[in-house]
Amino acid sequence: VSLLILSVIVWGSFFMPEVYEAQTTVLVEKNVIDSFIKDITVMPSIEERVRSIAYTITSRNLLLKVIDKLALNVNKNNPSDMKNLIKKFQEKTKIKLASRRGRETDWFSITYTDRDPIIARDYVNTLVRLFVEENVSAKREESFEANEFLTNQRNFFKEKLDAAEEKIVNFRKSKDIFIAIDEKTIVA
C-alpha cells in the first residue's frame, strides 16, 4: 500500500506544472535627512516603511510601467485584461521584511512565482529596477529641497547676524568705543 501511494505521488509529480520562483533582496538605506530632523519629528519604524514600500511596489502605476517594459502580450485597450494582469502580479508578488533573531533589519525580499522562469526573473528585476530608479529620483529631489532649505536658513541667519553686528558697530561709534580692552569694558 505504501509503495503504491509512493509511486502515485512520484508519477503525479511528473504531471504537475512546474512553478518557478524569482526572489531579490532590497536594502533600505537610512535617510540622511532623518538624522537632521530626528529630534523634531516622529520617525516611522522600518516595518512601517517596508509596508509603505510594499504598497508602492505593488501599485498599479508601477506595475503598468513594468508591463510596458516587459512588453507583455496583453490588449492594452481592454481594461479588464489589464486589470486581471495587474491583479495577478499583485497577488503573486510577496514582500517580506527580514528579521534576525526577532529584531527588525533594514532589508526586505521580493518574491514572485510563475510557470515561466524568464517572466518571473524579468518581472522581479524590472520591478526592483524601476522602484529603485523612482526612489533615487525622489531622494535626489528631497535632498535638493533640503539643501535649498538649509541655504535659505543660512542666508536668513547671516543677514540677522550682519544686522546685529552693524547695530553693535553703530552703538560703539555713538559711545566712542573704538578699542575694547576686555569683555567687562565692552559690557559696561
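This is a predicted model: local features need pLDDT of at least 70, side-chain atom pairs count only at pLDDT 80 or more; totals for chains, interfaces and linings use all residues.

Student: Which pattern does the chain follow when read along the sequence?

Tutor: The chain contains seven helices and three strands. Read along the sequence, they give the pattern α-β-α-α-α-α-β-β-α-α.

Student: Of the 14 residues of helix H1, how many are buried?

Tutor: Helix H1 covers residues 2–15 and reaches 20 Å from its first C-alpha to its last, close to the 20 Å expected at 1.5 Å a residue. H1 lies largely in the open, because the number of its residues that are buried is zero.

Student: In helix H4, which residues are buried, and how wide an arc do they cover around the axis?

Tutor: In H4, which spans residues 60–70, the buried residues are Leu62, Leu63, Val66 and Ile67. An α-helix has 3.6 residues a turn, so residues three or four places apart point the same way.

Student: With which residues is Ile67 in contact, leaving aside its neighbours within four places in sequence?

Tutor: Ile67 is one of the buried residues of H4. Ile67 is also among the residues that touch the most other members of the largest nonpolar core. Leaving aside neighbours within four places in sequence, its contacts are Leu72, Val74, Met82, Leu85, Ile86 and Phe89.

Student: Which element gives the largest share of this core?

Tutor: The largest nonpolar core has 26 residues. The elements that give two or more residues to this core are strand S1 (20–27), helix H3 (46–57), H4, helix H5 (79–92), S3 and helix H6 (117–174). The largest share, seven residues, comes from H6.

Student: Is Asp114 buried or exposed, and with which side chain does its own side chain make a polar contact?

Tutor: Asp114 is in strand S3, residues 103–114. Asp114 is buried, because its relative accessible area is 8% and the cut-off for buried is under 20%. Not counting residues up to four places away in sequence, Asp114 touches Val19, Tyr20, Lys88, Lys92, Ile119 and Ala120. At 2.9 Å, the side chain of Asp114 makes a polar contact with the side chain of Tyr112.

Key: Residues are numbered from 1 along each chain as its sequence is written. Side-chain values use heavy atoms; hydrogens and water are left out. Buried means under 20% relative accessible area, exposed over 50%, partly exposed in between (1.4 Å probe, protein chains only). Helices (H or I, at least four residues) and strands (E, at least two) are DSSP runs, numbered from the N terminus. A polar contact is a pair of N or O atoms within 3.5 Å; within protein, one must be able to donate a hydrogen and the other to accept it, and residues adjacent in sequence count only if both atoms are side-chain atoms. Contact means heavy atoms within 4.5 Å. The expected span of a helix is 1.5 Å times one less than its number of residues. A nonpolar core is a set of buried Ala, Val, Leu, Ile, Met, Phe, Trp, Tyr and Cys residues joined through side-chain atoms within 4.5 Å.
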